[in-house]
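Here is a briefing on how the inside of one protein chain is packed, written for a reader who is new to structures. Please keep the sequence and the 3D view at hand while reading.

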Amino acid sequence: MAAKIYISTCHDVWDNQAFEEYLLEGEEMPALLLWQNALAVVIGRHQNAWKEADWQSLEQEGGQLARRLSGGGAVYHDLGNLNFTFFVAKKEYDLPRQVGIILKAVRALGVNAAFAGRNDLEVNGRKFSGNAFCFRRERAFHHGTLLVNSDMGAMDRYLQVSLEKITNKGVDSLPARVINLEEISSKVNVSSLVEAICDSFCSYYPGAFPEKVDTSQAAPVFLKEKYASWDWRFGSSPEFGVRLSRRFSWGNLDLTCVNHLGLIERAHIYSDILNADLVDILTDALIQQPFKSLAIRSAWQEAARRHPDLSGNDQKIIEDLLSWIAEAKF
């Protein structure tokens with residue numbers, strides 16, 4: 001089956017997310033989706049909406065808060081931002097190839113960019129793209145943002161960066177760490193970037209051709225309702241019986257538990273870990289465990305044994321968490 005390229009003509013974040021999941025569950029792979037959202041903040045699958053964004057101001061000013069399927073951190077969207085999603089069979093998932101398609105496109109427009117950190121594309125030491133991924137059975141997607149001419153002031157107002165992260169990174173604000181591509185090259189605008197990415201994608205997948213799609217009509221209604229719902233975007237209240245939090249080299253983790261008769265009755269992990277499935281594995285392992293550091297360590301060790309396919313990076317995360325819980329001594 002020939003590869004497909006879809007270019008969304010809709011700027012509603014929930015419609016675009018619904019179509020993204022629809023393609024993930026569909027049969028047409030490999031595929032590329034290019035899309036833009038009007039004013040929005042999109043948080044990772046396991047992030048705490050109250051901590052990551054000033055969503056009240058955002059919605060009062062006509063924006064939308066959204067939660068995505070993938071892990072990672074919160075990002076700001078407006079029409080100066082271009083989003084991309086690669087859809088591939090899980091066995092064909094190749095991050096260097098997918099990132100290479102984007103790098104080839106921006107370099108063709110005069111931007112000498114590189115892949116850096118855990119999931120970023122940078123130029124001159126400043127980030128213009130963040131990436132995340134989602135695996136589902138035999139399918140996968142890898143998506144990311146591309147800052148073209150976004151409103152940096154609005155980004156700084158709506159995204160709430162923890163003081164701990166600011167202190168550790170030694171920066172004062174989001175605009176100090178990110179950059180619009182138009183600042184680097186006059187050749188870059190949204191239209192030229194769409195064309196360059198399509199050309200780059202076709203060099204890897206000959207025969208692919210762009211197809212415009214109105215995601216407000218193409219996405220299933222039940223998926224649109226899911227992404228717009230309060231339950232999906234906010235979940236249960238962030239008030240819990242016990243809260244433990246820590247910042248690691250790979251990201252933040254906030255563990256909250258409700259205990260009953262000494263056992264963990266409910267648990268939630270808020271984190272910007274890139275592999276959102278790992279957060280589910282760690283959370284599920286805690287239910288009905290005694291709220292003791294030794295029991296939590298044992299539960300996570302057993303979970304790791306049951307999932308031998310976890311990546312080396314995921315195993316490193318688990319090792320760090322085991323050491324952290326051991327230090328807590330509760």
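Trp250 counts as buried, at 8% relative accessibility, where buried means under 20% relative accessible area, exposed means over 50%, and partly exposed lies in between, for a 1.4 Å probe and protein chains only. This is a predicted model, in which local features need pLDDT of at least 70 and side-chain atom pairs count only at pLDDT 80 or more, while totals for chains, interfaces and linings use all residues. Residues are numbered from 1 along each chain as its sequence is written, and side-chain values use heavy atoms, with hydrogens and water left out.

**Aromatic rings**

- Rings of Phe, Tyr and Trp (its six-membered ring) pair if their centres lie within 6.5 Å, and planes under 30 degrees apart count as stacked, over 60 as edge-to-face and the rest as tilted; by this rule the count comes to 16 aromatic pairs.
- One of these is the stacked pair of Phe248 and Trp250, with 4.5 Å from centre to centre and 5° between the planes.
- Phe248 is buried, with a relative accessible area of 10%.
- Phe84, Phe86, Phe201 and Tyr205 form one aromatic cluster.

**Nonpolar cores**

- A nonpolar core is a set of buried Ala, Val, Leu, Ile, Met, Phe, Trp, Tyr and Cys residues joined through side-chain atoms within 4.5 Å, and the largest one has 36 residues, with Leu32, Leu34, Phe128, Leu146, Leu193, Ile197 and Phe201 having the most contacts inside it.
- Helix H7 (190–204) is among the elements that give two or more residues to this core, and H7 gives the most, with seven residues; helices (H or I, at least four residues) and strands (E, at least two) are DSSP runs, numbered from the N terminus.
- A second, separate core of 28 residues includes Val279, Ile281, Ile318 and Leu321.
- Leaving aside residues up to four places away in sequence, Phe128 touches several residues, including Val106, Leu121, Glu122, Leu146 and Ile179, where contact means heavy atoms within 4.5 Å.

**Arg177**

- Arg177 is found in the loop between helix H6 (163–169) and H7, and Arg177 is partly exposed, with a relative accessible area of 25%.
- Although Arg177 and Glu122 are 55 residues apart along the chain, their C-alpha atoms are separated by 9.8 Å.
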